Amino acid sequence: MFKRASVVEPNRLLLDSYLHAVGAVQAEAVLPMRLPPCPSGDLIVVGAGKASAAMAASVERHWAGRRPPRGLVLTRHGHGVETKSIDIVEAGHPLPDAQGLMACAELLHLVRSAKPEDHVLALISGGGSSLLTLPEDGLDLADIRDITGQLLRSGVPI
């Protein structure tokens, strides 16, 4: 005789499917297999976006045993994770804040300080363009916040 197939509750199926999809795109599930072999020389890690802190932690775990990377990653408030050698800065998103501007200036300085034998790894995820705000001369944070707010309220797609 045939066994009757078990019936899965629709809510359980949807929740399990959602959790599986979210797990499949986590930094630790995606990033290590896409990283190149551990580079020689110093590694400078920079980044911005909601997933950039998790990606930075994954880089540290994946390249453990080598000289620790140094770097700075900007992420949205509430998305920071603990790292050992890469600084994580939480900043305003989608409206930039002073914390983000200071961190962005430091990130730019860090990249400019790279020597020819160094390797720079950029970790960019959704929200990165909003977090990487460094106004041109003549503009200030209030200008950027105002224009960004107007664009968001107008319904302009990202």
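How many of the 11 residues of helix 3 (residues 52–62) are buried?

**Entry 1: ground rules.** I am working with a predicted model, where local features need pLDDT of at least 70, side-chain atom pairs count only at pLDDT 80 or more, and totals for chains, interfaces and linings use all residues. Residues are numbered from 1 along each chain as its sequence is written, and side-chain values use heavy atoms, leaving out hydrogens and water.

**Entry 2: helix 3.** I found that eight of the 11 residues are buried, so the helix is mostly covered (buried is under 20% relative accessible area, exposed over 50%, partly exposed in between, with a 1.4 Å probe and protein chains only). Helices (H or I, at least four residues) and strands (E, at least two) are DSSP runs, numbered from the N terminus. Among the buried residues I noted Ala53, Ala56, Ala57 and Glu60. The buried residues of helix 3 pack against helix 2 (27–30), strand 1 (43–48), strand 2, strand 3 and strand 4 (119–124).

**Entry 3: Thr83.** Next I looked up Thr83, in the loop between strand 2 (70–76) and strand 3 (86–91). Thr83 counts as buried because its relative accessibility is 18%. Leaving aside neighbours within four places in sequence, I see Thr83 in contact (heavy atoms within 4.5 Å) with Ala53, Ala56, Ala57, Glu60 and Ile88. The Thr83 side chain also reaches the backbone oxygen of Ile86 at 2.4 Å.

**Entry 4: Leu15.** Finally I turned to Leu15, which sits in helix 1 (residues 10–24). Leu15 has 36% relative accessibility, so I put it down as partly exposed.

Terms used. Polar contact = N/O pair within 3.5 Å; in protein donor to acceptor, adjacent residues only side chain to side chain.
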